[in-house]
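Me: I am new to this structure and would like to go through it step by step. Could you show it to me before I start asking?

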Amino acid sequence: HFLWFGSSGVIHKGLDLVLDAFKELNNEDIHLHICGNIFYENGFYEYYQPILNSKYVTYHGHVAIDSDNFDAIMEICGFVIFPSVSEGNSPSVITCMANGGLIPIVTKSADIDISNYGIEIKALSVDAVSDAIKESQSLPLNELIRQSNKIMEYTKQYHSFDYFREDIKNQLVEIMEHLKK
């Protein structure tokens, strides 16, 4: 199970590519969950309505991260897929990594460090998204478990409020030291 977890600007965030890839793959062994208010992007929602109602997609709408529904989605999904054109350390992907250990399948422009885990979507195309999905399906179970555990460790260490506070403090001290010179 895969999760696309985002907000407005769904084409910017690659949901069109993901839906087209799932349609192209037409594989009953893979399933896409979508969390986000895409209903309000009328043209997009109308165009993709047939795929959104297909057997391999579940559209959840807006899902609060402190809800039982979010917890249930985190339990069933193994991957978060997000072929964004441009993000700043994608908060939606980090949220899925931190709360469910979901393995990221992302473009470089999503700005997620996947050097030790995850799968890179190598281009902004349906074929590249399809290739990344296929690659995810070739990973053995023990590798999926290893990556998920590493993701949980990494996000707890480097994406906590305490880490960000300390990092900003250190950067400010460094700037002040540089200004004194």
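Me: What does Leu32 touch, leaving out residues up to four places away in sequence?

Reply: Leu32 touches Phe2, Leu3, Trp4, Val18, Leu19, Phe22, Tyr56, Val57, Thr58 and Ile81. Contact here means heavy atoms within 4.5 Å. This is a predicted model, in which local features need pLDDT of at least 70 and side-chain atom pairs count only at pLDDT 80 or more, while totals for chains, interfaces and linings use all residues. Residues are numbered from 1 along each chain as its sequence is written, and side-chain values use heavy atoms, with hydrogens and water left out.

Me: Which residues have the most contacts inside the largest nonpolar core?

Reply: They are Leu19 and Leu32, in a core of 52 residues. The largest share of this core, six residues, comes from H1. A nonpolar core is a set of buried Ala, Val, Leu, Ile, Met, Phe, Trp, Tyr and Cys residues joined through side-chain atoms within 4.5 Å. Helices (H or I, at least four residues) and strands (E, at least two) are DSSP runs, numbered from the N terminus.

Me: Which residues of H1 are buried?

Reply: Leu15, Asp16, Leu17, Val18, Leu19, Ala21 and Phe22 are buried in H1. Buried means under 20% relative accessible area, exposed over 50%, and partly exposed in between (1.4 Å probe, protein chains only).

Me: And what covers those buried residues of H1?

Reply: The cover includes strand S1 (2–5), S2, H2, strand S3 (57–61), strand S4 (79–82) and H5.

Me: At what angle do H1 and H2 pack?

Reply: Helix H1 (residues 15–25) and helix H2 (residues 42–52) pack at about 25°, and their axes are 10 Å apart. Axes are lines fitted to C-alpha atoms, for helices over the stretch in contact, and angles run from 0 to 180 degrees between N-to-C directions. The two helices are therefore roughly parallel to each other. Angles under 35 degrees count as roughly parallel, over 145 as roughly antiparallel, 65 to 115 as roughly perpendicular and the rest as oblique.

Me: Which residues meet there, between H1 and H2?

Reply: From H1, Leu15, Asp16, Leu19, Asp20 and Lys23 meet Phe44, Tyr48, Ile51 and Leu52 in H2. By class, this contact has six nonpolar, no polar and three charged residues. Ala, Val, Leu, Ile, Met, Phe, Trp, Tyr, Cys and Pro count as nonpolar, Asp, Glu, Lys and Arg as charged, and the others, Gly among them, as polar.

Me: Now H1 and H5: how far apart are their axes?

Reply: The axes of H1 and helix H5 (residues 126–137) are 8 Å apart, and the packing angle is about 65°. H1 and H5 are therefore roughly perpendicular to each other. The H1 residues Leu17, Val18, Asp20, Ala21, Phe22, Glu24 and Leu25 meet Val126, Asp127, Val129, Ser130, Ile133 and Lys134 of H5. This contact of H1 with H5 divides into eight nonpolar, one polar and four charged residues.

Me: Changing topic, what is phi of Asn26?

Reply: Phi of Asn26 is near 45°, a positive value in a residue other than glycine. Most residues other than glycine have a negative phi. Asn26 lies in the loop between H1 and strand S2 (32–35), and is partly exposed, with a relative accessible area of 46%.

Me: Last one: is Ser92 buried or exposed?

Reply: Ser92 counts as buried, at 14% relative accessibility. Its place is in helix H4 (residues 91–100). Ser92 touches Phe5 and Phe82, not counting residues up to four places away in sequence.
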